[in-house]
Amino acid sequence: MTQHATDTVPSDAPDTSYGHRQWWRDAVIYQVYPRSFADSDGDGIGDLPGIRARLPYLRKLGVDAVWLSPFYASPQADGGYDVADHRAVDPMFGTLTDADDLVQEAHALGLRVIVDLVPNHCSDRHEWFRQALREGPGSPLRERFHFRPGKGAGGELPPNDWESIFGGPAWTRVTEPDGSPGEWYLHLFAPEQPDFNWDHPAVHDEFRSILRFWLDLGVDGFRVDVAHGLVKAAGLPDVGHDGQVRLLGTEAVPYFDQDGVHEIYRSWRRILDEYPGERIAVAEAWTPTVERSARYLRPDELHQAFNFAFLGTGWHAPELRDVIDRSLDAMKAVAAPATWVLSNHDVVRHSTRLGGQDTARGLRRARSATLLMLALPGSAYLYQGEELGLPEVVDLPDEVRQDPAYFRGAGQDGTRDGCRVPLPWSGELPPFGFGPTEGGPSWLPQPADWKHLTVEAQEGDPTSTLEFYRSALAVRREHPALGAGQDITWLDGPDGVLAFRREHEDGSFVCTVNLTAAPVTLPTPGALLLSSADVAPAGDVTVLPADCAVWWAA
């Protein structure tokens, strides 16, 4: 496939714009899921030294920052999102020195580092929670969580009707120190993840201290897990019906997106602003509308929020145009950058989501969707492996699955393991360079046909998805009309085609995307910069293949 008219690739030299003001307004941020990125010691689990060793790869890819999913001390009941100690590195990932070395090495390469923060809940192995259980009813430590007596004559029923995101009740009853059935505690996720009570001042103090701990170590920001969930409605009222997980991000529920969260983030913003270098915080906030998401990004709150509305939109031109317009309008109202994302560690990879069982169609659409995303104003997020065109692994054996949602049956569909399979780096046999030895272990098995998708197999191949991503990121960085901004101008086109222009005094840009299953002929708007599939302009017109996106210098 002829995919670009220029062969520009990122320099291997450090990015001299590291001190660029408000870098986060146009940054491309690459998510690393540490268990699955690179294994340095051969135990089958990715780790911090493995990530550090692969940072030059990310530098060459052309991203601006790396977001690390949790690597904290954790029993791993939910892939590290059950944190026992936010100030300690879990031994499976390395040491605090390894974390420090990683941050320093990233900075030397011109990469920023964002770490996950998990403030809604902790592990049931967290010392606060363990002490709360040991001390029994009336313990001051129980006030830092949501402990409640049960309903019914003997307290045998949960305190309310809230449901866990992972299925089943959001409450678990404890056995008290004397052996009797006791109070219930709230966990909106797994039972091993008790929710903090953010009405308690000690919780506020603890997380302000955690922020400073990692900022002092040099991290450039935080991705705030379940940013919408910290504050619960007063009195913990019933929802009134079951099937609540289907409401998430669509309707109001008393345990998500409560107005009280905003004062928390105002206090955090004051801390971030004390530090040099534009430290940031990014909200994972599932809200009913993009307008509600924008409230997290008012000038004295957080810097970015994930655009789940965009991620959840199908391969349909009118729906995509609508979500793009609503996103830009909502962010403009609070002077915040829009963000765009297609995949992460919690959803089916977009090469599979957009193509179903047709893998060739899925990859075509995924490449096209990536060009669309990277052409839009604001910041973009990439999930590890999408630059290799990795599909979702949909046939993992039951015995290797680790997603708690899979085992709880209801709630989420339990498919998150399929997007967390370790990356293939090199070689002909699993684990494809993920670990230091050929044929070594891997915590989730990789498909044998991934030998064609390794970094080694794609490196230098101008038709590969890896080189396509490198080219796209290079053009995005170099073209003056791309990156930061708040506006696009839609252009006329046939049904099923999206076309828009972005203006800059030093040069204009046009993106055209054919979302139909057939070729379309369009006026040629300028010089070809990059395309997701073979495109050959013929004078004043150009034929766009099905599921194809093209960038033009206009």
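## Backbone exceptions

Alanine 335 is partly exposed in this predicted model, and its relative accessible area is 43%. The residue sits in the loop that runs between α9 (317-333) and β12. Its phi is positive, about 60°, although alanine 335 is not a glycine. Most residues other than glycine have a negative phi, and most peptide bonds are trans.

Aspartate 257 is another non-glycine residue with a positive phi, here about 55°. The loop between β9 and α6 (261-274) holds aspartate 257. With a relative accessible area of 10%, aspartate 257 is buried; the cut-off for buried is under 20%. Proline 430 and proline 431 are joined by a cis peptide bond, with omega at about 10°. Proline 431 belongs to the loop between α12 (404-408) and α13 (455-458).

## The sheet

Eight strands form an open sheet with parallel pairing. Their order is β11-β10-β9-β5-β2-β1-β13-β12. At the edges are β11 (304-305) and β12 (339-341), each of which pairs on one side only. Strands of a sheet pair through backbone hydrogen bonds, either parallel or antiparallel.

Strand β5 (residues 112-117) runs parallel to strand β9 (residues 221-224), and 4 bridges join them. Within this pair, isoleucine 114 has glycine 221 of β9 as its bridge partner. Next, β9 pairs with β10 in the parallel sense, over 4 bridges. Here valine 224 is opposite alanine 283 of β10. The pairing of β10 with β11 is also parallel and has 2 bridges. Alanine 283 has alanine 305 as its bridge partner in β11.

## Side chains of β10

In a regular strand the side chains alternate between the two faces of the sheet. Strand β10 covers residues 280-283. Ile280 and Val282 point one way from this strand, while Ala281 and Ala283 point the other way. All of these residues are buried.

## Helix packing

Two packed helices are described by the angle between their axes and the distance between the axes. Helix α3 (residues 96-108) packs against helix α5 (residues 201-217) at an angle of about 55°, and their axes are 10 Å apart. Because of that angle, α3 is oblique to α5. On the α3 side the contact is made by Leu96, Ala99, Asp100, Val103 and Gln104. On the α5 side it is made by Phe213, Trp214 and Leu217. Sorted by class, the residues of this contact are 6 nonpolar, 1 polar and 1 charged.

A further helix, α11 (residues 359-375), lies across three strands: β1 (28-32), β12 and β13 (379-383). The helix α11 runs at about 150° to β13.

## Nonpolar cores

The largest nonpolar core has 130 residues. Which of its residues touch the most other members? They are Tyr30, Leu58, Phe71, Tyr265, Ile324 and Trp551. Leaving aside residues up to four places away in sequence, isoleucine 324 touches Phe310, Trp340, Leu372, Leu376, Ile488 and Trp490.

Another core, of 16 residues, lies apart from the largest one. Among its residues are Phe166, Ala170, Leu188 and Val253.

Technical notes: Residues numbered from 1 in each chain as written. Predicted model: local features only at pLDDT ≥ 70, side-chain atom pairs only at ≥ 80, totals over all residues. Heavy atoms only, no water. Axes fitted to C-alpha atoms, helices over the stretch in contact; angles between N-to-C directions. Parallel < 35°, antiparallel > 145°, perpendicular 65-115°, else oblique. Contact = heavy atoms within 4.5 Å. Nonpolar A, V, L, I, M, F, W, Y, C, P; charged D, E, K, R; others polar. Pairing = 2+ DSSP bridges. Core = buried A, V, L, I, M, F, W, Y, C linked by side-chain atoms within 4.5 Å. Buried < 20%, exposed > 50% of the residue type's maximum accessible area, 1.4 Å probe, protein only.
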